[in-house]
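Here is a short briefing on the fold and on how its parts meet. Look over the structure first, then read the points below.

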Amino acid sequence: MATVRIELPHHAYDIRIEPGGLEELGASVRALAPHGQCGLVADPVVRDLYGASVEASLVEAGYGVVSAQAGAGEEAKNLASVEEIYQVLLEARLERRSPVIALGGGITGDVAGFVAATYLRGVPFIQCPTTLLAMVDSSVGGKTGVNVLQGKNLIGAFYQPDLVVADPLVLNSLPPREMRCGLAECVKHAVIRDESLFGFIGDHHKEILALSSNEVVELVRRNVEIKAAVVMEDEREGGVRAHLNFGHTFGHAIESTMGYGAILHGEAVGLGMLAASRAAAEFGLCPSDLPATIAELLSAIGLPIRADLPDNSSLGRAMRHDKKVANDLVRFVLPRGLGQVEIRDDLPETCVDAGWEFIRS
Ligand SMILES: NC(=O)c1ccc[n+]([C@@H]2O[C@H](COP(=O)([O-])OP(=O)(O)OC[C@H]3O[C@@H](n4cnc5c(N)ncnc54)[C@H](O)[C@@H]3O)[C@@H](O)[C@H]2O)c1
């Protein structure tokens, strides 16, 4: 078990990485929000697998549990799902002190978090991430929100949880493809901040994918520490937090042009990191062998390093729709080497094109 604490000027909370932690969830929530009812917002697959035991733990701790479902998939990460959950909570008369608990991956956490931020202007919020991506990234740091027609995550709120309980035992049921997607975000953390983490993933990806407990707990802890440090430095993304978007400007363009579902978020981020590092190499910002070094690790993990991309102008249009565009300039997070990135808005189009060509199959 490991605990990482986030201390912000207005709020502090623990991220507990604890095999078996979900079975104790009721007692952990009660210690923070001792109220009669709680809202449990669960991913449908996760609810079938773990909902009963989580609910039993909450009931044992004295809660009346109001269950709502977060829709499955990126298409369901929308305002209609948020509205449905509001209705369930309102019908059950959940009050301002009633905690809302997210049980699922990043989609569930983002939707339930937005509900918690806005229901009665904000209620206590507990994240129980059940994918590797959600454990190492989305459950930590308070970004919540939904997609709209114009793009991903364009509507949302910064709303920090009161507790995060990451129980690595639930990864046993996670499809291997999803596990690899989570590892893509871990590689992202390594490239932006921690060369030794890059080495750790290179040395231990087989044990991690085989869900060896020690390596998984260490992986989650190291990644949560990186995410926590970034969030504590810059909660609202005025500066270094934007480094976490490494791979995302290219990646979101890949996701939105290829269609959500055709490619998973983590896979798109992996491809996006490759395109960004090839663009950075073309720009003269990083060593020319960096893209191949990252590609080698992603490939060893089993992530795609090429995709059947649309033409560059469609990708460019999708990129300019991204919310990381400022004053009409696309802001790229580019590597200078392993463990170091910088933000540039002067990347020439030829470099962007070199990035696309590097990952085009
Ligand atoms: N808020 C943030 O800071 C942040 C950061 C990164 C990503 N995100 C968001 O996260 C989302 C992606 O999250 P994700 O990759 O976790 O996807 P997800 O929530 O869709 O989960 C992936 C799949 O795994 C299944 N699943 C989840 N846990 C399981 C388990 N333990 N056993 C079996 N199946 C399980 C789900 O049913 C789903 O089909 C994207 O919408 C992205 O925008 C948010």
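The model is predicted.

- Strand E3 covers residues 37–42 and runs parallel to E4, with 6 bridges joining the two.
- Both belong to an open sheet of 7 strands, ordered E1-E2-E9-E6-E5-E3-E4. Pairing in this sheet is mixed.
- Strand E1 (2–8) and strand E4 (64–69) each have a single partner strand, so they stand at the edges and one side of each is left without a neighbour in the sheet.
- On average, neighbouring strands of the sheet are turned by 15° against each other, direction ignored.

**Helices on the sheet**
- Helix H1 (residues 25–32) packs on the sheet and touches E3, E5 (100–104), E6 (125–129) and E9 (163–166). The direction of H1 makes about 170° with that of E9.
- Helix H8 (residues 213–233) also packs on the sheet, touching E1, E2 (11–17) and E9. The direction of H8 makes about 5° with that of E1.

**The two domains**
- Domain 1 spans 2–173 and domain 2 spans 176–359.
- Their centres, taken over C-alpha atoms, are separated by 26 Å.
- Across the boundary, 28 residues of domain 1 are in contact with 30 residues of domain 2.
- On the domain 1 side of this contact, E1, E2, helix H5 (132–138) and strand E8 (151–158) are the elements that give two or more residues.
- The residues on that side divide into 17 nonpolar, 6 polar and 5 charged.

Key. Residues numbered from 1 in each chain as written. Predicted model: local features only at pLDDT ≥ 70, side-chain atom pairs only at ≥ 80, totals over all residues. Pairing = 2+ DSSP bridges. Helix = DSSP H or I, 4+ residues; strand = E, 2+ residues; numbered from the N terminus. Axes fitted to C-alpha atoms, helices over the stretch in contact; angles between N-to-C directions. Contact = placed C-beta atoms within 7 Å. Domains from an automatic or database assignment. Nonpolar A, V, L, I, M, F, W, Y, C, P; charged D, E, K, R; others polar.
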